[in-house]
Amino acid sequence: EDVVLAWYHTSGTKADLARNCVLLIEVESPAAAKSALAAWNVLERQRTEAHKYRGVDYTHSVKASADENAKGFWYAILGDVLVMSIREDRIQRTIELATEATDDSGQPSKATDKTAGHPECLAVYEPFSNAFARRHESELAAVYVNPRVLISELDRANKYFSTVKATLARCQWLTLSLTNNESIELDLLADYDSNGTPDWWQDWLQVAKSARPSFKSLSADSLFSMSGQVASPSIAKLILASLKTQSNLSKDLIQARRVAQGLLLGLDPVADVLPAIGPSWVFSVQSRDPEVSTSFPVDSLFAIDVKTEATEDSPENGGTSVSAEAALDSSLRSGLGVLAGVHNVHAIGQKVSIVKERKVGAATIYFADPVAFFQPAFVISNGQLVLATSPDLCETFLALTANGQTSTVSKSGNLQSVVASSVAMRQMLAGQREWFIRQARRDKVSEADAERRLKELEQFLQLLDRAWMTASLDSRTLRVSAGIQAAASERPGVVK
């Protein structure tokens, strides 16, 4: 019913490491374990020798055809658990842990339930308690790693592992688990102590504590979506500290910083603007409507929070203190003009690109029309900066924000999230097939070969509906998860 493989650290050779483990198999009853061992003996004849340790029987088993020096393996049946190991001392140690508890007099006594046992038993070991308590019925398998074992191995390794060692020293336990609950999910969790961590880590903890639902205001039919939180003030501090330690900055870096400062109405891009953006951000790739555009199959959008208030140290422009919102608005409008100018220089004979405006309620969307296959656009509204390859995406984003709509792929509480939708990809391939065929011809791929490749891709996408990866953080646990959701053609409303 349950299978556990416990692997112990050893300072010996790799062969010693392979032998230094114990296999525990939970069965229905002691009789079932004996039946399994008897069946094994029929398949491969064994020579056995009975032993006893602290009143518990265990057995040494060797192939009947093996010579006298063969080591074989050792096993014991402890209630409904079959224990096996290549080493006798590991069997004896398991018997101690499974059957004995120490009372106040220091004398051994029988354990009364599964949580009782030797005080050094892993089930009652406090650093392991959080990892063990997370077990649930949907868990298929889990690997638990004692970080102190990794630290001891790194002690023998290169000195450059000092940072890794310092990180592992804060970990109490590492867990890798595989679950199946309407989807297959792989989780990596680190139980750690956040006390005494650097200021920048504390900044990220504060950001994670206030994390909002991940994919708010994104369309549920996005091909690819990313969302998360960013501690931009902490990043700005690290960059500024790095710049101060470099006494001789390159001329190009100094010039680029001054150009950016001019475009940002006097605000410094690192010291003033970077801390004023975030923490929440989203990125999305969405399929274009094939009836509207066949020049390119997708559009993309990026949105991030931006502070609207100016600081006390902000420079003035026209008697008003400059905020990060005003600085970004000014620089991005200048950027659109540059993009339009570059297009007009290189696309002679095509439509002239100009910067346009589109009013949506109280907001104004600015965009250059066209620039190659796109209409690069931006809007700053309700404390959010939105950048997109089309003004239509900006308008849709504003509408979803106003309605408070949340995507069906939303996962709250995640510091970072990535979601890819196979359903949307299948729809895009069906609607934009001709575009992919044209691209294949340009790459000198035959139409028949291109069709074959598209069919193979469609067959693969038929297997899945969605794949995702998330990361979450609190003061005690760091979790990274990846999962897939199999295609469910029988569910109503699902597009195949």
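Strands β21 (residues 416-421) and β22 (residues 464-473) run antiparallel and are joined by six bridges. Here, two strands count as paired if DSSP finds at least two bridges between them, and the strands themselves are DSSP runs (E, at least two residues), as helices are (H or I, at least four), numbered from the N terminus. All of this comes from a predicted model, in which local features need pLDDT of at least 70 and side-chain atom pairs count only at pLDDT 80 or more, while totals for chains, interfaces and linings use all residues. Residues are numbered from 1 along each chain as its sequence is written, and side-chain values use heavy atoms, with hydrogens and water left out.

**Around β22**

- Eight of the 10 residues of β22 are buried, so this strand is largely enclosed by the rest of the structure; buried means under 20% relative accessible area, exposed over 50%, and partly exposed in between (1.4 Å probe, protein chains only).
- On its other pairing, β22 runs antiparallel to β23 (residues 477-486), with nine bridges joining them.
- β22 and β23 make a hairpin with three residues between them.
- Methionine 469 of β22 has valine 418 opposite it, and its bridge partner in β23 is alanine 482.

**A nonpolar surface patch**

- Met469 also belongs to a nonpolar surface patch with Val143, Leu176, Leu186, Leu188 and Val480, and together they have about 480 Å² of accessible area.
- Patches are made of residues with over 30% relative accessible area and no salt bridge, joining like charges within 9 Å and nonpolar side chains (Val, Leu, Ile, Met, Phe, Trp, Tyr) within 5 Å.
- A salt bridge is a side-chain nitrogen of Lys or Arg within 4 Å of a carboxyl oxygen of Asp or Glu.
- Accessible areas come from the Shrake-Rupley method with a 1.4 Å probe, and for residues only the protein chains shown count as cover.
- Leucine 186 sits in strand β11 (residues 184-192) and counts as partly exposed, at 40% relative accessibility.

- An open, antiparallel sheet is built from six strands in the order β1-β2-β6-β5-β4-β3.
- β1 (2-7) and β3 (46-53) stand at the edges with a single partner strand each, so one side of each is left without a neighbour in the sheet.
- From one strand to the next, the twist averages 20°.
- Helix α2 (residues 30-43) packs on this sheet, touching β3, β5 (73-78) and β6 (81-85), and its direction makes about 155° with that of β5.
- Helix α3 (residues 88-99) lies across β2, β3, β4 (56-63), β5 and β6, running at about 15° to β5.
- For these angles, axes are lines fitted to C-alpha atoms, for helices over the stretch in contact, and values run from 0 to 180 degrees between N-to-C directions.
- β1 pairs with β2 (residues 21-26) over six antiparallel bridges, where valine 3 faces isoleucine 25 and aspartate 2 has glutamate 26 as its bridge partner.
- β2 also pairs with β6 in the antiparallel sense, over five bridges, and leucine 24 stands opposite valine 83 there.

**Two buried residues**

- Serine 353 lies in the loop between α11 (324-346) and β17 (354-360), and is buried at a relative accessible area of 4%.
- Beyond its neighbours within four places in sequence, serine 353 has contacts (heavy atoms within 4.5 Å) that include His343, Asn344 and Asp369.
- Leucine 454, in helix α15 (residues 447-461), counts as buried at 8% relative accessibility.
- Leucine 429 is 25 residues from leucine 454 in sequence, and 8.0 Å away in space, C-alpha to C-alpha.
- Leaving aside neighbours within four places in sequence, leucine 454 touches Leu429, Arg433, Phe436 and Ile437.
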